[in-house]
Amino acid sequence: MTVAAGIGYALLALGPSLALFVTVISKKPFLILTVLSSTLLWLVSLIVLSGFWRPFLPLNSAASWPFAVLIITSVAFQEGLRLLFWKVYKRLEDMLDAFADRVSKPRLYPTDKMLIALAGGLGHGAAHAVFFCLSVLTPAFGPATFFTDQCSQIPFFLVSSIIALAFATIHTFSMVIAFNGYSEGNKVDQLFVPVVHLVAGMVTLINFTTGGCSIGIPILYIIAILTLLHCGKMVWGKLTENQIRL
Amino acid sequence: MGFSSFIVLLFLGGEIALFLIRKFSVPIDCFTFLVLLFNFAAVGVFAVFLSKMAIIVTQGYLVAIGMLVAYWFTLLPEWTTWVLLVALALYDLAAVLLPVGPLRLLVELAISRDEDIPALVYEARPVINHDQGSGEYEGQRRAWRRRRELGNDSESDHNIGTSDAEVTAPLIQNRVSSVVDGQESSVASTDNSFLEGIGLGSSGAIKLGLGDFIFYSVLVGRAAMYDFMTVYACYLAIIAGLGVTLMLLALYQQALPALPVSIAFGVLFYFLTRLLLEEFVVQCSLNLVMF
């Protein structure tokens, strides 16, 4: 609608991620690199998916089941890549620990590992917000706005920013949960993340029906808050158990 | 080198300033404008020439020169720009790595004459973590010297007239090569220097030739003329290419061209994004279906 509105939408989607970045991540160069590489990984996964789906596009936007298939394949692929990211991170962790031993510095603390996981998740979340929300936001900086049929109460840009915020939260914290689950072999955590991702993706399908976004978006936020709470509980448990061990 | 920076800042910078003044109707008169522009250009020449200025001023002016040249390069037609970028990446690869390559000969000549390599080089001073011990200082100097080789050889002739073999402050090149040799014997594995370089251990000043900056900017500028999605994709691609180049530098410990990998990734990602990704993402987000 104007430059102010455009900036507002962008900050709505990316504000918390930016805050996290500035306070936590910008202090350590390694975390910045982690954010960039996980953003790149997400972009590559998106390109591969779009390469796969390109012959089938444009999809008939009346029917919702092609989108369901699209979401299922995309989420499956991205979760597979998360596992790959974990394997690469494990190897990197061994290298870093060996290096730390060589210069007789302390090894990676659990908080360091969780910070790296947070940085990875932030990269994914920021990439999601950038590619799904910011890249279509350019018209919002002009004089007019745009409404879609399915969600005619609020401007399209606002809806997409709100959804992007929810997904950024989900991505950021589910990476922490996932890494913790893989490192401890905790099956519940390991399954929690793909399930949450899939459910969140499917919930956006509700947006297809007219007026569906007034149901879909609150559910999405409930999922995001659930992820946040689960992550908080897990991190708190990890921190307090370490305190007792020390 | 100084004269060419002066020309870039004065004429190219002046043109862009005139565009902006016309667009935003800034109330300024000719004479004030000329005085300000001349001062800006003159300070810029001193900033890139002498190393006595505050580093932020030098960095600012180098970025300004890079931006100005890149802006004018984006006025080329689209296909010309892409072919030019790919051709330059290939030339850079050939010029630095082949034994008869001009840039390699230049570097070897400079090393044998014990002179500094003439180039506009952007130096990124690192943020030093205060909670790291002073024992890192040794590694800091090592990493800095190693990086010098990357920056100096990615200087390219494509800069407007910056490749005149002008002698500036003599770099003690012997020390560079001997430190590099010493480094190879003392460093057990490449992980060590790699990790030092990425700022986990100590940090060193990274030097990147301004020619590389300019062509990265041209690539991203051209991508911006299509859509924002291509900008983000190309930005990430260039950063990834830079990371790969730095890792290769840590691996091979010799002069490497900085253009080819980044330009290759950038061009690849641009075309993939434009042809494949955009349709996919716009379809999804217009229907508010996201994952």
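1. Let me start with E184(A), which counts as partly exposed at 44% relative accessibility. For these labels, buried stands for under 20% relative accessible area, exposed for over 50%, and partly exposed for what lies in between (1.4 Å probe, protein chains only). E184(A) makes a salt bridge with K238(A), and their closest N and O atoms are 3.9 Å apart. E184(A) belongs to helix 5 of chain A and K238(A) to helix 7 (residues 213–245) of chain A, so this pair ties together parts that are 54 residues apart in sequence. K238(A), at 17% relative accessibility, counts as buried. A salt bridge here is a side-chain nitrogen of Lys or Arg within 4 Å of a carboxyl oxygen of Asp or Glu. Helices (H or I, at least four residues) and strands (E, at least two) are DSSP runs, numbered from the N terminus.

2. Before going on, please keep in mind that this is a predicted model, in which local features need pLDDT of at least 70 and side-chain atom pairs count only at pLDDT 80 or more, while totals for chains, interfaces and linings use all residues. Residues are numbered from 1 along each chain as its sequence is written, chains are lettered from A and ligands numbered from 1 in the order in which they are written, and side-chain values use heavy atoms, with hydrogens and water left out.

3. Next, have a look at helix 3 of chain A, where E79(A) is found. R82(A) forms a salt bridge with E79(A), with 3.0 Å between the closest N and O atoms. Both residues lie in helix 3 of chain A, 3 residues apart, about one turn of the helix. R82(A) counts as buried at 2% relative accessibility, and E79(A) is buried as well, with a relative accessible area of 9%. Leaving aside residues up to four places away in sequence, E79(A) touches V193(A), P194(A) and H197(A); contact means heavy atoms within 4.5 Å.

4. Helix 3 of chain A holds another pair for you to inspect: E93(A) and K90(A) are 3 residues apart there, about one helical turn. Their side chains meet in a salt bridge (3.9 Å, N to O). E93(A) counts as buried at 5% relative accessibility, whereas K90(A) is partly exposed, with a relative accessible area of 33%. K90(A), E93(A) and K113(A) are linked in a network of salt bridges. Over all chains, the structure holds 6 salt bridges.

5. How many salt bridges are there between chain A and chain B? The count is 0. Polar contacts do occur, with 4 residue pairs between chain A and chain B (both at pLDDT 80 or more). A polar contact is a pair of N or O atoms within 3.5 Å; within protein, one must be able to donate a hydrogen and the other to accept it, and residues adjacent in sequence count only if both atoms are side-chain atoms.

6. The contact itself takes 55 residues from chain A and 42 residues from chain B. About 4200 Å² is buried between the two chains, and carbon and sulfur atoms give 76% of that area. In chain A, I47(A), F99(A) and F132(A) lose the most area to chain B, together 15% of what that side buries. Buried area is the accessible area (1.4 Å probe) that two parts lose on being put together, summed over both.

7. Which helices of chain A supply at least two residues each to the side that touches chain B? They are helix 2 (29–53), helix 3 (65–102), helix 4 (110–133), helix 5 (156–184) and helix 6 (187–203). Helix 2 of chain A gives the most, with 14 residues.

8. Turning to chain B, you will find 11 helices and 2 strands. From the N terminus on, its elements run α-α-α-α-α-β-α-α-α-β-α-α-α. Of the 291 residues of chain B, 49% count as buried.

9. Finally, two backbone angles in chain B are worth a look. S25(B) has a positive phi of about 50° although it is not a glycine. S25(B) sits in the loop between helix 1 (2–24) and helix 2 (30–49) of chain B and is exposed, with a relative accessible area of 58%. L288(B), also not a glycine, has a positive phi near 55°. L288(B) is found in the segment after helix 11 (259–286) of chain B and is buried, with a relative accessible area of 0%.
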